[in-house]
Amino acid sequence: GHFIPLLEDTGLILDVGRWALRQAAKDHLRWAFAGFAPVCIAVNVSPLQLCHRDFVADVAAVLAIDPRAAAGLELEITESVIMEDVGRNIASLEAIRAMGVTIAIDDFGTGYSSLNYLSKLPVDTLKIDRYFVNDMTTGPQGLSLVQTIINLAHSLGLKVVAEGVETEEQRRLLRLLNCEQMQGFLFSKPLAAKEFEAAFLAPGGGI
């Protein structure tokens, strides 16, 4: 809540963002070379990064390490950020997707994108904001809203990820609604890379 805004205010988010992309690519390649099942690592993109003139080149430089790194990266961008300069951002995202990197709309439902633009955005994944997941078990309206978002995403050929899943009831309902992937404390709190490897990738690991 404090660290990321400070990085953005000082401009250091650009350096940290480049580091995060490089590290994600290195971790993906290391796990692939070790023979583990393929792991795609989602990296959040700051508004300052997306708008920066060198952003596409920064992504290309990371992938120059090894072209196979592209299969292990997904960039998460909030819908409100994409809508700030739609034409330019669509061009940037199309260039990045052409490199083999997937794109996700993060915190869907909290911004102001239109359905018209949603159908045109070069994205692969839609992430349902945790607010809607929390509201899903409080009444039929919340459940219907999540179902509508999932159906909308599937009709556009997008994968769906539910954020902030913390209870078995939420997981059960999301499975019934055909949500492909989930993330949240129900599965694990944040882990360092080596701890994640031991817990989920090594033989005998996993949920």
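Reader: Is the crossing of H2 and H4 right-handed or left-handed?

Author: This is a predicted model. The crossing of H2 and H4 is right-handed.

Reader: What else describes the packing of H2 and H4?

Author: Two packed helices are described by the angle between their axes and the distance between the axes. For H2 and H4, the angle is about 30° and the axes are 9 Å apart. H2 is therefore roughly parallel to H4, since angles under 35 degrees count as roughly parallel.

Reader: Which residues in H2 and H4 meet?

Author: From H2 come Arg18, Leu21, Arg22 and Ala25, and from H4 come Asp58, Val59 and Val62. Sorted by class, this contact holds 4 nonpolar and 3 charged residues, with no polar ones.

Reader: At what angle do the axes of H4 and H6 cross?

Author: Helix H4 covers residues 55–63 and helix H6 covers residues 86–98; their axes cross at roughly 10° and come within 10 Å. H4 is therefore roughly parallel to H6. On the H4 side the contact involves Phe55, Val56 and Val59, which meet Ser92, Ala95 and Ile96 in H6. The classes here are 5 nonpolar, 1 polar and no charged.

Reader: How do the axes of H2 and H11 cross?

Author: Helix H2 (residues 13–33) and helix H11 (residues 193–201) have axes that cross at roughly 35° and come within 12 Å. The crossing of H2 and H11 is right-handed. Asp27, Arg30 and Trp31 in H2 meet Ala193, Phe196, Glu197 and Leu201 in H11. That contact divides into 4 nonpolar and 3 charged residues, and no polar.

Reader: How many disulfides does a search of the whole structure find?

Author: A disulfide is a pair of cysteine sulfur atoms within 2.5 Å. The search of the whole structure gives 0 disulfides. For Cys40, the closest cysteine sulfur is in Cys179, at 16 Å, so the two are too far apart for a bond.

Reader: Is Cys40 buried, partly exposed or exposed?

Author: Buried means under 20% relative accessible area and exposed means over 50%, with partly exposed in between. Cys40 has 44% relative accessibility, so it counts as partly exposed. Cys51 is also partly exposed, with a relative accessible area of 33%.

Reader: Where does Ile4 lie?

Author: Ile4 lies in helix H1, residues 3–10. Its relative accessible area is 43%, so Ile4 is partly exposed. Between Ile4 and Val161 the C-alpha to C-alpha distance is 23 Å, and they are 157 residues apart in sequence.

Terms used:
Residues are numbered from 1 along each chain as its sequence is written. This is a predicted model: local features need pLDDT of at least 70, side-chain atom pairs count only at pLDDT 80 or more; totals for chains, interfaces and linings use all residues. Side-chain values use heavy atoms; hydrogens and water are left out. Axes are lines fitted to C-alpha atoms, for helices over the stretch in contact, and angles run from 0 to 180 degrees between N-to-C directions. Helices (H or I, at least four residues) and strands (E, at least two) are DSSP runs, numbered from the N terminus. A crossing is left-handed if the near helix is turned anticlockwise from the far one by less than a right angle, and right-handed if clockwise. Contact means heavy atoms within 4.5 Å. Ala, Val, Leu, Ile, Met, Phe, Trp, Tyr, Cys and Pro count as nonpolar, Asp, Glu, Lys and Arg as charged, and the others, Gly among them, as polar. Angles under 35 degrees count as roughly parallel, over 145 as roughly antiparallel, 65 to 115 as roughly perpendicular and the rest as oblique. Buried means under 20% relative accessible area, exposed over 50%, partly exposed in between (1.4 Å probe, protein chains only).
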